[in-house]
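Morning, everyone. Please have the sequence and the model open side by side. I'll be quick.

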Amino acid sequence: MPAKKTTKKGAQKSATKAVTKVATKAARKKSKTGASKKPSTRQKKTGRKKTRNSKGRRGRGTGFIRRHLWLILGIALLAFLAYLFVLDRTITQRFEGRIWQLPAHIYARPLELYRGKAISTEQLGFELEYLNYEAVDRLPDAQARYMQAGNVFQIKTRDFVFWDGKERSRFFRLEIEDDRVSRLVDLANGQPLDLVRFDAGYLTGIFPAHSQDRVLVKLEDVPDIFIKMLLLIEDRRFFSHHGIDPRSIARAMVVNLTSGGAVQGGSTLTQQLVKNLFLSQEKKLVRKINEAFMSLLLELHYDKRLILETYINEIYLGQQGKRAIHGFGLASEFYFGKPLNELSLDQMAILIGMVKGASWYNPARHPERARERRDIVLKTMQQTGLITERQLQVNMARPVLTVKQGRSGVYPAFIDAVKEQLQADYRSEDLSAEGLRVFTTLDPFVQHKLEQSVKAVMPTLAKDNKLQTAAVVVSPTSGDVLAMVGDRQPSYKGFNRALNAKRQIGSLIKPVVYLAALEQPDRYTLATLLDDSPLSIPRPGGDVWEPENYDKQFHGKVTLYESLLKSYNIPAARTGLDLGIDRVIDTLHALSYPYPLTPYPALTLGAIDMSPMEVASVYQTLAANGFHSPLRSVHAVLDKNLKPLERYSLDVENRVNSRAVVVLNSALIDVARHGTAKRLAQNLPLQVAGKTGTSDDLKDSWFAGFSGDALAVVWVGYDDSRPTTLTGSSGAMKIWQRLFRSVAYQPYALPPMPGLEKAWIDMKTGKLSGQGCENAVELLFIEGSAPRQKSDCSGGSSNWFLNLFK
Amino acid sequence: MPFLSFFSSRFLLLLVFAGFISGCTTTGQAPQPDQLIDTGNYKFDAWRLENDPQLEAINVLLDDADAQIELQNYELATDKLERVLRIRPDYAPAWSRLSWLALQTDRPKRAVEMARRSNSLAYTRPELQMLNWAFIRSASELLQDQNLFDEADMQIKALQAF
């Protein structure tokens with residue numbers, strides 16, 4: 001619905017009155033001139049040829065008509081007025097209310113650039129292409145253009161309205177060195193530029209049932225030349241007729257008669273709008289009559305400019321699957337990747353040419369037809385003096401180029417998460433009708449790389465294509481969901497495993513169990529020796545639970561650290577049982593798992609079903625050193641007039657002992673270096689922390705890990721829970737590793753937190769050792785909790801003063 | 001098995017002490033946190049910026065946030081600060097400002113959590129820690145949480161004594 005509506009007050013009443021007046025006068029005139037007498041004469045003449053009975057009936061009938069003509073005319077008049085009234089109500093109700101159901105439009109996060117920002121030339125190139133910026137070989141002279149020479153970019157961004165206001169177009173030069181922005185200069189004044197925010201890339205829409213999509217434009221934002229061109233081609237006398245144009249109709253009739261077919265239409269823009277908004281497309285006389293009356297009524301009620309604006313937003317201009325492209329605003333974005341006011345003359349001519357037949361002249365599918373039609377439009381413009389001969393030649397020489405299509409709906413898993421978050425605050429009918437603008441947290445580059453990783457790795461994991469996967473990438477510090485995949489075919493819109501597949505998490509639970517232990521530093525540290533010997537726990541049903549290690553071996557006494565690195569099951573189970581399973585559940589809840597759990601021993605080994613999204617939420621708390629931020633997919637929502645509606649602010653809560661988390665994370669770093677995920681250290685250039693997970697019988701392969709700037713959880717398995725041949729490291733971790741090679745820039749670094757200390761520990765005995773001693777590993781402890789007993793070897797640098805400066 | 005370079009707690013204490021001494025020499029006597037809050041002057045010394053290659057971008061956003069605070073547009077100011085944190089998630093003064101903003105908008109629980117987050121990153125900034133504890137103490141009064149008040153009060157006194 002256009003923001004500005006110019007309704008003529010009382011126009012409806014006065015129009016109805018006027019029509020009534022004219023009709024009443026006509027009725028009176030007829031009754032005065034004795035119209036009732038004439039039919040009786042006619043009856044006598046014709047009655048002679050009929051039988052007596054029929055004569056009598058006819059005589060009675062005509063007599064009735066003659067006697068009641070005034071009544072019949074009155075009824076006819078009333079019927080006509082009722083007809084007009086119905087048409088009038090149809091028009092005014094639609095125009096006074098919501099003309100259109102506007103889908104919500106969903107956007108990715110905006111790219112922000114500043115000196116020091118980690119970004120590769122590959123990523124920047126991707127982002128510019130994603131935003132449909134046009135690469136040019138000269139300095140950009142219009143918005144959304146850029147010139148690249150190696151690692152130097154000169155870019156002119158688009159104006160864009162965000163939650164916090166309008167971001168104006170910036171024209172700047174940017175240099176990238178060592179995958180970081182090294183220089184940023186404002187080309188408008190030659191001064192260093194501190195910060196640039198790009199426009200947010202369009203992801204998709206949430207459509208109403210009829211799937212019409214449109215981007216509303218206001219008439220004042222439509223280029224003047226575009227309006228002139230449109231009226232020239234579609235309705236030259238738009239501003240002088242009253243809804244229907246007899247001259248156009250006559251001209252069209254002559255042309256059609258002489259050519260022997262329907263080659264020209266005589267419909268005005270108003271008639272076209274009426275047909276599109278209220279009537280069917282069938283070619284029937286009744287429809288044409290309705291169209292004519294409704295056009296007259298529409299013009300009677302509403303201002304020409306509103307009608308023109310409505311036409312510009314209503315016109316059908318193509319189809320993408322179920323999505324119907326309506327209005328020049330959306331068509332401009334859809335075909336050329338830029339707003340209407342940024343189109344070149346030839347692009348405008350293509351769109352206007354499409355009015356004649358959106359499918360036939362579709363520039364993406366039929367560029368040659370579109371070119372021919374465009375040239376007709378341009379020539380007409382030149383003939384009427386709207387453009388010069390030179391402009392004509394220049395524009396006719398341009399090729400018909402459209403932006404790549406098919407982006408809409410390509411991130412179905414992420415969009416599900418967006419809908420899930422929005423449904424807490426908005427009814428689904430509002431999402432598909434109120435024209436909301438939703439600004440999400442999606443990072444298109446991370447999403448792109450995640451999809452690439454899934455597509456590249458999955459075929460290598462199994463020969464059949466039934467093996468499935470799901471993955472979630474989030475910002476460890478804010479909980480922003482950066483990317484999501486819910487199927488091995490990332491564009492598949494069906495079951496979203498990232499949100500809805502609840503699978504056993506296996507060893508991913510172990511960090512939770514050990515965190516519960518490390519929160520009690522007087523009882524447990526990384527150096528605590530755990531018992532890895534056979535364990536039997538009677539179950540209520542009479543059978544016995546006897547957990548095994550993956551290698552089917554027992555390792556005797558092992559430190560908690562080694563047990564975590566090698567993902568031994570029995571020590572983890574013993575620790576959980578020693579702490580109390582309720583304690584483990586409490587820790588899991590503190591880490592954000594929301595559902596109640598029944599305490600049973602196998603829970604300590606991950607016999608608990610969770611979705612990748614839920615696992616990501618738990619691990620986010622670990623990656624943020626104990627500070628949980630609820631995962632969010634939406635930052636802000638604007639209404640259709642670009643006014644802020646809702647902002648989803650960053651929340652944080654200290655859920656668990658941060659020092660214990662940092663101690664745990666120090667071991668998770670070593671899992672990725674020397675433990676079950678040691679292949680990561682060989683393949684990643686930066687420090688990460690993580691944990692593999694494998695459920696019983698290899699049914700589920702998991703990996704959850706984080707760098708300083710990204711956390712990802714990946715699951716691989718079969719939907720019917722049949723065994724795979726994959727462990728966490730041979731399955732899910734491969735996808736994770738490939739992803740992090742291209743999206744992680746910041747290493748995960750342990751925070752220099754007070755209240756922690758390091759000590760060299762003998763892995764065999766769990767006692768203090770020294771650097772250089774056999775089996776000595778430097779471990780982190782909550783201050784005061786390091787072992788005091790010394791092993792036989794004290795090493796060469798156990799001096800606390802020297803340790804102070806390590 | 002080598003770890004990445006990691007400060008021992010003793011070394012950290014030395015750093016904290018050095019930082020505090022240098023802070024005192026530039027600003028004179030450490031300000032009373034209650035006074036800082038009550039004055040309504042939100043540009044606390046403890047929020048002074050650090051040297052960083054991303055500083056220019058952060059500065060722009062902090063200036064924007066300040067401008068919005070002047071206009072009492074606290075939601076917009078919060079939005080600017082969250083953008084700062086997207087650039088530098090470990091920027092403790094921004095978390096601290098969010099705590100102050102939460103106090104201004106009567107969200108004491110949020111103020112406590114933001115201040116705690118700031119403190120978890122402000123190991124070498126006793127003046128910032130003291131300010132954050134002052135925010136927590138104010139929030140505890142709104143929450144009517146005596147234990148939290150006592151904890152905050154104790155931390156403030158310890159930092160002042162230090």
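In helix α4 (residues 121–130) of chain A, the buried residues are A:Gln123, A:Leu124, A:Glu127 and A:Leu128. Buried means 20 or more other C-beta atoms within 10 Å of the residue's own; 12 or fewer is exposed, in between is partly exposed, and C-beta atoms are placed from the backbone. These four cover an arc of only 135° around the axis, so they sit on the same side of α4(A). The arc is that of the directions from the helix axis to the C-beta atoms. An α-helix has 3.6 residues a turn, so residues three or four places apart point the same way.

A word on the source. This is a predicted model: local features need pLDDT of at least 70, side-chain atom pairs count only at pLDDT 80 or more, and totals for chains, interfaces and linings use all residues. Residues are numbered from 1 along each chain as its sequence is written, while chains are lettered from A and ligands numbered from 1 in the order in which they are written. Helices (H or I, at least four residues) and strands (E, at least two) are DSSP runs, numbered from the N terminus.

What do the buried residues of α4(A) pack against? They meet β4 (145–149), β5 (152–156), β8 and α16 (444–461) of chain A. Contact means C-beta atoms, placed from the backbone, within 7 Å. Just after α4(A), A:Asn132 takes a positive phi of about 60°.

**The β8–β9 loop**

Now the loop between β8 (171–177) and β9 (180–186) of chain A, where A:Asp178 sits. Its phi is near 50°, positive in a residue other than glycine. A:Asp179 lies in the loop between β8 and β9 too, with phi near 60°. Are they buried or exposed? A:Asp178 is exposed, with 8 other C-beta atoms within 10 Å. A:Asp179 is partly exposed, with 14 C-beta neighbours inside 10 Å.

**A helix pair**

Last stop. Helix α18 (residues 510–518) and helix α21 (residues 581–590), both of chain A, pack at about 105°, axes 9 Å apart. Axes are lines fitted to C-alpha atoms, for helices over the stretch in contact, and angles run from 0 to 180 degrees between N-to-C directions. That makes α18(A) roughly perpendicular to α21(A), a label for 65 to 115 degrees. A:Val512, A:Val513, A:Leu515 and A:Ala516 in α18(A) meet A:Arg583, A:Val584, A:Thr587 and A:Leu588 in α21(A).

That's the tour. Thanks.

Definitions and conventions
Angles under 35 degrees count as roughly parallel, over 145 as roughly antiparallel, 65 to 115 as roughly perpendicular and the rest as oblique. Two residues are in contact if their C-beta atoms, placed from the backbone, lie within 7 Å.
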